[in-house]
Amino acid sequence: MNATAEDLPFADGSFDAAMTTFSVHQWSDLRAGLREIRRVTRGPVVILTGDPGRLRRFWLNEYAPEVIATEARRYPSAEALADGLAGNTTTTTVPVPLDCTDGFNEAYYGRPEALLDPAARLSCSAWSFVGDAVQDRFTRELSRDLADGTWDRRHGRLRTQPAFDGSRILVTSQPRT
């Protein structure tokens with residue numbers, strides 16, 4: 001079976017609820033995918049994603065704005081999701097804990113050294129859309145700023161901040177009654 005989000009192989013109202021995590025930005029047709037998930041779901045639809053309008057709040061924008069711009073282009077807005085789901089929709093910010101190990105960029109908000117590891121950057125697909133020159137510049141500038149204390153003067157409070165309210169959001173849509 002070769003199902004896609006835009007063409008689900010299920011009857012109308014097959015599920016009590018549905019959830020997708022970090023996938024809507026990869027669908028080939030967002031509106032069709034949202035229409036399909038709503039069609040097969042009687043109850044709530046929950047989407048964990050990134051809010052493109054909140055991405056630039058993260059310190060990474062100072063060092064690799066191309067990565068942030070790439071993510072911002074790929075993530076649909078909460079408004080587009082709500083419109084496509086055609087239900088009663090709420091959006092909630094999902095705080096990222098300091099010890100988060102999920103491997104997306106904001107997981108390292110208080111541990112910038114971790115993003116110097118190329119393997120950590122490979123965990124976030126946005127890095128694959130920028131060239132080696134961006135990655136080299138990022139590594140060089142962040143390494144310099146960590147070594148001379150610049151990063152800590154600007155953002156050091158993040159090292160002990162229990163959570164970061166970044167771009168992660170939970171969009172919950174109940175069907176209209």
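Start by selecting helix α1 (residues 30–39) and helix α4 (residues 78–85): their axes come within 8 Å and cross at roughly 50 degrees. Axes here are lines fitted to C-alpha atoms, for helices over the stretch in contact, with angles from 0 to 180 degrees between N-to-C directions. That angle makes α1 oblique to α4 (under 35 degrees counts as roughly parallel, over 145 as roughly antiparallel, 65 to 115 as roughly perpendicular, the rest as oblique).

A word on what you are viewing: this is a predicted model, in which local features need pLDDT of at least 70, side-chain atom pairs count only at pLDDT 80 or more, and totals for chains, interfaces and linings use all residues. Residues are numbered from 1 along each chain as its sequence is written, and side-chain values use heavy atoms, without hydrogens and water.

Next, show the side chains of L30, R31, L34, R35, I37 and R38 on α1, together with A80, L81, D83, G84 and L85 on α4; these make the contact (heavy atoms within 4.5 Å).

Now move to the sheet. Select the four strands in the order β1-β2-β6-β3, an open sheet with mixed pairing. Helices (H or I, at least four residues) and strands (E, at least two) are DSSP runs, numbered from the N terminus, and two strands pair if DSSP finds at least two bridges between them. At the edges stand β1 (18–21) and β3 (87–93); each has a single partner strand, so one side of each lacks a neighbour in the sheet.

Finally, zoom in on β3 and β6 (residues 168–175), which run antiparallel and are joined by seven bridges. Pick T93 here, and you will find I169 of β6 opposite.
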